[in-house]
Amino acid sequence: MKLIIDCGSTKADWVLLDDKNIINKTQTEGFNPNYTEKEHISRIALNNNLYSTYLQDITHIFFYGSGCGNQQNIEFIKDILKSIFIHSEIHVYSDMTAACHAVSAHKKGIVCILGTGSNSCLFDGNEIIDKAVSLGYIIGDEGSGSHIGKSIIHDYLYKMMPDDLSSKIKTEYDIDVNSFIYNVYHSNKPSQYLASFAKIAIENKDNIYIKSLCTKCFDEFIDCFIMSYDKYHEKTVSFVGSIAYYFQDIIKERLAIRNLKMGKVLKSPIDGLVKYYLDC
């Protein structure tokens, strides 16, 4: 049996497969080795009942995770999984590799992540051959949920948005300057907190102000994460992530303006990853 784990900072999808079918699947809290303590990650894994009956039967584990783009974090996650799955062969990959396997399988192209954070890479059908610089939610993450959420609350608190939308936010969300600053600077998941306000954009996609704000965010994403590659105009651009999924019409429009073609768009990598391993 194979255990596929797609772990973002917010949530993690766990799917158990045999050679032909899904045996079981579940979702847990996510984690990132850059921010989450080892003990907490272990608790999440140990409290998952998905695989308890099949523990001795799992031969391979394929873990894809946020923060697993360097060898130190790969080994960190491997050590945790080895302590639980002592009979399994364990492979740990980055979330960027998850996106490639999910949307491209073995096809060439530019693959992007647009969820809580943002990133992209150039995939040759087998491996990542180039990768954009990712500066994180404070400086970068252009086009992401945290970027859109930060932009919305920036304009709301500075009273720079239309009155109708400002009134709607005031009615539906409990936000003031003090609580916002506290949560950004004192919560242990500030990027997720900022990204939570992207829901405002999703719920008001047809609002002219929101469309303009999101267009600006996606233009910045394209400039930083797509047009940085050589011969980018020759590549199909595919996406994984909730922001890409909900705003694919705007993104497709912004790509078309630059004569770029949109490929596959998946809300979450897990379905694509399951297909990838069932087809192996």
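How many bridges join β1 to strand β4 (residues 60–65), and do the two run parallel or antiparallel? Six bridges join them, and the two strands run parallel. The structure is a predicted model, in which local features need pLDDT of at least 70, side-chain atom pairs count only at pLDDT 80 or more, and totals for chains, interfaces and linings use all residues. Residues are numbered from 1 along each chain as its sequence is written, and side-chain values use heavy atoms, with hydrogens and water left out. Helices (H or I, at least four residues) and strands (E, at least two) are DSSP runs, numbered from the N terminus.

**Strand β1 and its partners**

- Two strands pair if DSSP finds at least two bridges between them.
- In the parallel pairing of β1 with β4, Leu3 has Ile61 as its bridge partner.
- β1 is also joined by six bridges to strand β2 (residues 11–17), and these two run antiparallel.
- Ile4 stands opposite Val15 in β2, and a hairpin of three residues links β1 to β2.
- Five of the six residues of β1 are buried (under 20% relative accessible area, with exposed over 50% and partly exposed in between; 1.4 Å probe, protein chains only).

**The open sheet**

- Five strands form an open sheet in the order β8-β7-β6-β9-β10, with mixed pairing.
- β8 (128–131) and β10 (261–266) stand at the edges with a single partner strand each, so one side of each has no neighbour in the sheet.
- Neighbouring strands of this sheet are turned by 25° against each other on average, direction ignored; the axes are lines fitted to C-alpha atoms, for helices over the stretch in contact, and angles run from 0 to 180 degrees between N-to-C directions.
- Within the sheet, strand β6 (residues 109–114) and strand β9 (residues 236–240) run parallel and are joined by four bridges.
- Ile110 stands opposite Val237 in β9.

**Helix α3**

- Eight of the nine residues of α3 are buried, so this helix is largely enclosed by the rest of the structure.
- Among the buried residues of α3 are Met96, Cys100 and His101.
- Just after α3, Ala105 takes a positive phi of about 55°.

**Pockets**

- A pocket is found on a 1 Å grid over the protein atoms alone: whereas a cavity is a set of points where a 1.4 Å probe fits but cannot get out, a pocket is an open set with protein on both sides within 12 Å along at least five of seven lines, and lining residues have an atom within 4 Å of a point.
- The largest pocket has a volume of about 1300 Å³, where volume is the space filled by probe spheres set on grid points joined across faces, edges and corners.
- It is lined by 48 residues, with Ser9, Ser66, Asp95, Thr116 and Gly117 nearest its centre.
- β1 (2–7) and α3 (95–103) are among the elements that each supply at least two residues of this lining.
- The second largest pocket has a volume of about 530 Å³, and of its 20 lining residues Lys150, Ser151, His154, Phe180 and Leu194 are closest to its centre.
- α5 gives the most to the lining of the second largest pocket, with seven residues.

**Cysteines**

- The structure holds zero disulfides (pairs of cysteine sulfur atoms within 2.5 Å).
- The sulfur of Cys214 has its closest cysteine sulfur in Cys217, 6.1 Å away, which is too far for a bond.
- Cys214 counts as buried at 0% relative accessibility, and Cys217 counts as buried at 3%.
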